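Here is a short briefing to read alongside the structure.

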Amino acid sequence: MRWGRRPAADADDAVVVPGAGIELRDVEHVYGERVVLDGVSLTLTERRVGVIGANGSGKSTFARLLNGLVVPTSGTVLVDGLDTRSQARAVRRRVGFVFQDPDAQIVHPTVAEDLAFGPHNQGVPDDEVQRRVEEMLDRYGLAGHRDHPAHLLSGGQKQLLAIAGVLAMRPQRIVFDEPTTLLDLANTRRVARVIDELEQDVVVVTHHLNLLAGFDRVLVVEDGRVVADGAPAETVPWYVGRMD
Amino acid sequence: MLSLYVPGDSVVHRARAGLKLAVLAALGIGLFLVESPAAMAGALALVVVVGVTAARLPWRALAVQVRPVWLWLALLFGFHLLATDLRTGSVAVLRLLALLVAAAVVTATTRVTALVAVIEWLAAPLRVFGVRPARIGLVLAMTLRFIPLVAEKAARIREAQAARGADRIRLGMAVPLLIQVLRMATTVGEALDARGADDAPARRPRRTAAAS
């Protein structure tokens, strides 16, 4: 979080080009002296996009670029025409982000209070916030846990709460950064179903290749570059073969 | 406070958090202005009755908060028997018990966000000094959220060290704990950004009565 370092001009009413997708133009990102992403240029317009690659390949940085959590060292990332560098807030309203570890994403002590956090930040009227909270509690089977402390939920329930917290903000797109890595098989399948049923466009970074069945496009990231890009039927076997 | 809220729809649950905190503060001041054991016993009986009947709280919800201090109350009573007299000891113990139960009733009937909203309201005058009350509220809520999480991380580190033969708690566990907490803090910061914490309105929308 960049306390006290706000974007100079963050025009929420900036020109939005609906359906333009997410465009990366010659993106490079460097941590210290390490080049994490190098010359990535592509446009994501598909409804479901998967991102795979080894640990440390640059997947998570790639994911964070898509909603402005990380701005590129050079190059440009545009979300529906909005520049993540200068219009980060507007971008984050359009692109939700689900983290690998839900414990880091849940910031309020109880389930219902955490669901209300995002919409409150967006200035949504209180009665509408309550309506969304109830909707999410019902939708994800958390109604019985409304006032329960979040730290007492199971791992799967926490991840559902994290997803519900993002959905309560009504984003157009959602980026998932390894959402099933910490989950058991049953919860992995449950989260996969949840992602599958979403109306929003999704970008899913994952090591669970089964999650990508039915996706429209899969990117393979290696050493900061997109080395394969296509339908999962082609890219996933190619990636698996490369790991052998 | 971490997990002491007991859901309900009683008149005490529905009362505004600010009113409950004001009554609690007034009770605290009032109890220190009186020195009668009968008055203290009456106050204790009153808060118990309010908790169990008006707020419809289970006995357990009140007992949970009193249990950890029984020993201290007994020690305090014993000290007074030795140093002062039975009457003074009774007043001191009954006063603390009444306050403790009253505080338990408030925390069991008030959501954390409602208490935090009161604190934000109290901090509102600090705006002239550039303080953002919503930030204070968020920090308090996050503190309550992350205490059990940090405790869990500490327990895991203790287990990991024990599994490798360290059977005593060592100062060295502070280093991995600190690293883990700092790493988590980075992700939490990102999550706050992603969830629009920087967009938060200067004033939170008014909460409905049901939410207090």
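In this predicted model, A:E23 has A:L78 in β4(A) as its bridge partner. That bridge belongs to the pairing of β1(A) with β4(A), strand 74-79 of chain A, which is antiparallel and runs over five bridges.

**Strands of chain A**
- β1(A), residues 22-31, also pairs with β2(A), residues 34-44, in the antiparallel sense, this time over seven bridges.
- A:V27 sits opposite A:V40 of β2(A).
- Two residues lie between β1(A) and β2(A), and the two strands form a hairpin.
- In the turn of that hairpin, A:G32 has a positive phi of about 60°.
- As background for reading these strands, side chains in a regular strand alternate between the two faces of the sheet.

**Chain A as a whole**
- Chain A contains eight helices and ten strands.
- With 244 residues, chain A has a radius of gyration of 18 Å, close to the 18 Å from the globule rule, so it is as compact as a globular protein of that length.
- Along the principal axes, the C-alpha atoms of chain A fill a box of roughly 45 × 45 × 35 Å.

**Where the chains meet**

**Helices and domains of chain B**
- How do the axes of α2(B) and α6(B) cross? Helix α2(B), residues 17-33, and helix α6(B), residues 86-109, have axes that come within 10 Å and cross at roughly 180°.
- Because of that angle, α2(B) is roughly antiparallel to α6(B).
- From α2(B), the residues B:K20, B:L21, B:L24, B:L27, B:G28 and B:L31 meet B:R95, B:A98, B:L99, B:A102, B:A103 and B:V106 of α6(B).
- That helix contact is made up of nine nonpolar, one polar and two charged residues.
- Chain B is split into domain 1, covering 11-110, and domain 2, covering 129-211.
- The centres of domain 1 and domain 2 of chain B, taken over C-alpha atoms, are 31 Å apart.

Notes:
Residues are numbered from 1 along each chain as its sequence is written. Chains are lettered from A and ligands numbered from 1 in the order in which they are written. This is a predicted model: local features need pLDDT of at least 70, side-chain atom pairs count only at pLDDT 80 or more; totals for chains, interfaces and linings use all residues. Domain bounds come from an automatic or database domain assignment. Axes are lines fitted to C-alpha atoms, for helices over the stretch in contact, and angles run from 0 to 180 degrees between N-to-C directions. Helices (H or I, at least four residues) and strands (E, at least two) are DSSP runs, numbered from the N terminus. Angles under 35 degrees count as roughly parallel, over 145 as roughly antiparallel, 65 to 115 as roughly perpendicular and the rest as oblique. Two residues are in contact if their C-beta atoms, placed from the backbone, lie within 7 Å. Ala, Val, Leu, Ile, Met, Phe, Trp, Tyr, Cys and Pro count as nonpolar, Asp, Glu, Lys and Arg as charged, and the others, Gly among them, as polar. Two strands pair if DSSP finds at least two bridges between them. The radius of gyration is taken over C-alpha atoms; the globule rule is 2.2 Å times the number of residues to the power 0.38.
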